[in-house]
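Thank you all for coming.

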Amino acid sequence: MNQDQVEKLKETLGPLRILENEPLSKHTYFKIGGPAKIYFEAKSLDDLSLALETALANEIPFVVLGAGANVLVSDYGFEGLVIKNQAASTKIVGFKGTYSKHGRGIRNALVLATSGTLMNQLARFTLDQGLEGLEFLLSVPGTLGGGLKINAHFEVERDQFIGNRLVSATLFDPKTVKTKTVDSSYFNFAYDYSRIQQTGEIVLDATFRLDKAKDPSTLWQKAMDNVKRRNEEQPVGIACSGCIFKNISDQNAIRLATPNLTTSAGYVIESLNLKGTRIGGAEISSQHANFILNTNNATSSDVLKLINLIKDKAKNTYGLELKEEIFYIGDFSQES
Ligand SMILES: Cc1cc2nc3c(=O)[nH]c(=O)nc-3n(C[C@H](O)[C@H](O)[C@H](O)COP(=O)(O)OP(=O)(O)OC[C@H]3O[C@@H](n4cnc5c(N)ncnc54)[C@H](O)[C@@H]3O)c2cc1C
């Protein structure tokens, strides 16, 4: 990125609103990552669109960061514009049924949220409205934009995916520099997959259809029970990026005769006796083997070495190609 491009960003986004050489370790759950050449916080969709348009018009490499809960950023950082999406808002934009003061008679409602809204906030909003369908997102880290890219989920076997409740979304297409509205089928949602992983489109906002809960008073309890379970099963309070690998396919679970045909990548890693393995400041969690923890100032290189160790051992032992759930940001060519 050259000085002219930096000046262009200053001019358009405001010199006081951009940071140069901002450490991305401050903006990721892993607490890992070198500097962003330029870092900008988009507080609204207008900010987000302006930053994207400016980057594209000036051929500046860019990446949109949500909450940084599903990324590994290189120690060498990102030599371009990092746009941290903080465009957060939620509102009800329609409902079916008859409206009364306490919402009685409503059958379902449409909720519109901007893509920088935290999924936890979205869950709280819908729970407070007595709306059912996204309560499993309570306490799941990340923004709506990041969530739609990975099709965020909780209990996969109970079909709890964010994409299931999506009606439509507004996307920014970097190839055409235009926005478009698409319905949920456009995303081709599957486990840990949505089409925007291929197209690189950016989510601006999204609309969900949620049912009025039959018994709103038990909704919060149901959501809190999930949170409790998550906190029992996953490491809490240690820097990490959630699950590193996608679960394996049903066919591989059958081939390997896993217990109860579990597809859990965590089970696979545990069965390779890798729990607790350390490289530098990074460690494979002893509690949940699909989590790599930054226990002691880990570098992205430490994490990458553990990832490669797991992949190699899974390949050599089981003939399995484990695939990352996390996304890489920056240049990893100098890391091994
Ligand atoms: C402790 C912990 C527990 C977790 N538990 C769960 C869980 O139970 N279920 C689950 O599904 N996930 C879980 N995760 C993973 C994480 O919560 C999700 O992947 C979440 O969707 C990440 O969102 P984000 O905003 O942080 O995305 P980021 O990490 O910021 O970005 C991830 C990717 O999305 C892209 N992106 C970000 N915003 C947009 C946008 N607006 N449009 C297009 N692309 C965008 C980024 O460029 C990047 O490629 C967990 C993570 C942690 C740290």
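**Active site and ligand shell**

Glu 325 is buried, at a relative accessible area of 11%, where buried means under 20%, exposed over 50% and partly exposed in between, with a 1.4 Å probe and protein chains only. Before I go on, this is a predicted model, in which local features need pLDDT of at least 70 and side-chain atom pairs count only at pLDDT 80 or more, while totals for chains, interfaces and linings use all residues. Residues are numbered from 1 along each chain as its sequence is written, and side-chain values use heavy atoms, with hydrogens and water left out.

The unreviewed UniProt entry lists Cys 243 and Glu 325 under "active site"; its positions follow the numbering used here, feature names are shortened, and annotations may be inferred rather than shown by experiment. Although these residues are spread over 83 residues of sequence, they cluster in space, with a largest C-alpha distance of 6.9 Å.

Leaving aside neighbours within four places in sequence, Cys 243 is in contact (heavy atoms within 4.5 Å) with several residues, including Asn 70, His 288 and Glu 325.

A backbone N or O atom of Pro 141 lies 2.5 Å from a ligand oxygen atom.

Methods:
Polar contact = N/O pair within 3.5 Å; in protein donor to acceptor, adjacent residues only side chain to side chain.
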